[in-house]
Amino acid sequence: MGPEVRKVRLSMGEVPVVSDSQVAEVLSSTVETFRWVNSLTREVLSRVGELVFDKLSIYVPTSDPDYPTKVRTMAGAWGRYTCVRSFAANERNRAKGRRLSTNLCAVFDSETTELVAVMEGNLISDFRTASIAAVGVEACVTAWGRSGGDYEASVLGSTGAVGRRVILALSALRARPRRVLLAAKSRGRFNTVRERLAQMASELDPEVGEALELVPCETLDEALSADVVVDCISLPGKMPAGLVRELGEEVIYADVGKHSLDLNLASKFDTYVFDSLDLRKMPSPATFALKIRTMLTDRRFRVLELADVVRGERVGRRVLYTVLGVPAVDAALTQAILERLGLI
Ligand SMILES: NC(=O)c1ccc[n+]([C@@H]2O[C@H](COP(=O)([O-])OP(=O)(O)OC[C@H]3O[C@@H](n4cnc5c(N)ncnc54)[C@H](OP(=O)(O)O)[C@@H]3O)[C@@H](O)[C@H]2O)c1
């Protein structure tokens, strides 16, 4: 075990403060960790209709008008506890070499209202997002009638904090892909993007390589032919038009970045799956495309909650799965971490 969790003394009493490095003792970057995280996520998302959660976002102007800071707070309950996670994110951080967003979780006992812990939430956000993406992919490919080893996936933005965890989360699925194509943008200190990705892949938990084949790609286009595309790209604006035209006729596009997908393409999907229909009001290419198609009274498309897909609802040939991020997953995950650290 690592260093003891520190406590701060507030007027209400002593409150544990859990750092990312302490969270990392429980959330190690392994396939084994994702087996239990995925199973927790599956349980939460399949019961999403019974749960309570919400989100609020504001965009705060900064000294650079091109880069407002997004401040979001989300609350979700699971079992006895409620987690409120807040973050501030600015795309300018990338150029400055800083982490894109800064997350903090407050966990309350819903019965007594006691503050149970304050937790740094960066890893929690990366793990829960990756797991929601992977569990959604599994439900959609299963609805297609595919099973483990029966499909190819790609991870766009696979060098990112979320992208790397998506590779682990996919490897931990029961119905996992046969191959995962890896894509990123820059080559860093390497001669090619492929070399950089191969290096990154070699640093992953060796169980990934035992579970599936990893294929580094030089360009984004090379990764777009997969049956399943998980988009973890982070961009200040939208993706250049035309970049996504290489997508197959039958595709599950899991949109994690939410603003990176070409809007014209978004309107061509025949099935829109959301992790939560209640959160569908959050901005995303899918909500935009839905609005347009609804205005055009073209109703030959389906809108589903992931829980419906898990229960066996059919999906079409071109599925857009939008990861809005159900806050009840944060509550379940923070609770599991606090239990494993012996704090609840
Ligand atoms: N839906 C949710 O609930 C949720 C939760 C958390 C995060 N997110 C979103 O997920 C996205 C990823 O977050 P992160 O923390 O992983 O970001 P990150 O660490 O900055 O990673 C971004 C990734 O995108 C790649 N990329 C950037 N521009 C690209 C381009 N033009 N072409 C190809 N690849 C490009 C980067 O490649 P290089 O390494 O080559 O630059 C990197 O792999 C963000 O948009 C974030 O807002 C969503």
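Figure 1. Helices (H or I, at least four residues) and strands (E, at least two) are DSSP runs, numbered from the N terminus. Of the 11 residues of H5, 10 are buried; they are Val162, Gly163, Arg164, Arg165, Val166, Ile167, Leu168, Ala169, Leu170 and Ser171. A residue is buried if 20 or more other C-beta atoms, placed from the backbone, lie within 10 Å of its own, exposed if 12 or fewer, and partly exposed in between. Residues are numbered from 1 along each chain as its sequence is written. This is a predicted model, in which local features need pLDDT of at least 70 and side-chain atom pairs count only at pLDDT 80 or more, while totals for chains, interfaces and linings use all residues.

**Figure 2. The shell around the ligand**. Among the 23 residues around the ligand, Gly157, Gly160, Val162, Ser234 and Gly325 come nearest; a residue is near a molecule if its C-beta atom, placed from the backbone, lies within 6 Å of it. The largest share, 3 residues, comes from H5. By class, the shell has 10 nonpolar, 10 polar and 3 charged residues. Here Ala, Val, Leu, Ile, Met, Phe, Trp, Tyr, Cys and Pro count as nonpolar, Asp, Glu, Lys and Arg as charged, and the others, Gly among them, as polar.

**Figure 3. The open sheet of 8 strands**. The strand order is E10-E9-E8-E11-E12-E15-E13-E14, with parallel pairing; two strands pair if DSSP finds at least two bridges between them. Strand E10 (213-216) and strand E14 (302-305) are the edge strands, each pairing on one side only. Neighbouring strands are turned by 20° against each other on average, direction ignored. E8 and E11 are joined in the parallel sense over 4 bridges, and leucine 156 stands opposite aspartate 231 in E11.

**Figure 4. Helices lying across strands**. H4 lies across E8, E11, strand E12 (251-255), strand E13 (271-274) and strand E15 (318-322), and runs at about 160° to E12. Helix H6 (residues 193-202) lies across E9 and E10, at about 150° to E10. Axes are lines fitted to C-alpha atoms, for helices over the stretch in contact, and angles run from 0 to 180 degrees between N-to-C directions.

**Figure 5. Antiparallel pairing of E3, E4 and E5**. Strand E3 (residues 53-60) pairs with strand E4 (residues 69-78) over 8 bridges, and the bridge partner of phenylalanine 53 in E4 is glycine 76. E4 in turn pairs with strand E5 (residues 81-89) over 9 bridges, with threonine 73 opposite serine 86 in E5. E4 and E5 form a hairpin with 2 residues between them, and glycine 79 in the turn has a positive phi of about 60°.

**Figure 6. Contact between domain 1 and domain 2**. An automatic or database domain assignment gives domain 1 (6-124 + 328-340) and domain 2 (127-325). Their C-alpha centres lie 23 Å apart. In the contact, 22 residues of domain 1 meet 25 residues of domain 2, where contact means C-beta atoms, placed from the backbone, within 7 Å. On the domain 1 side, H2, H4 and helix H11 (327-340) give two or more residues, and H2 gives the most, with 9 residues. The residues of this side divide into 11 nonpolar, 6 polar and 5 charged.

Terms used. Contact = placed C-beta atoms within 7 Å.
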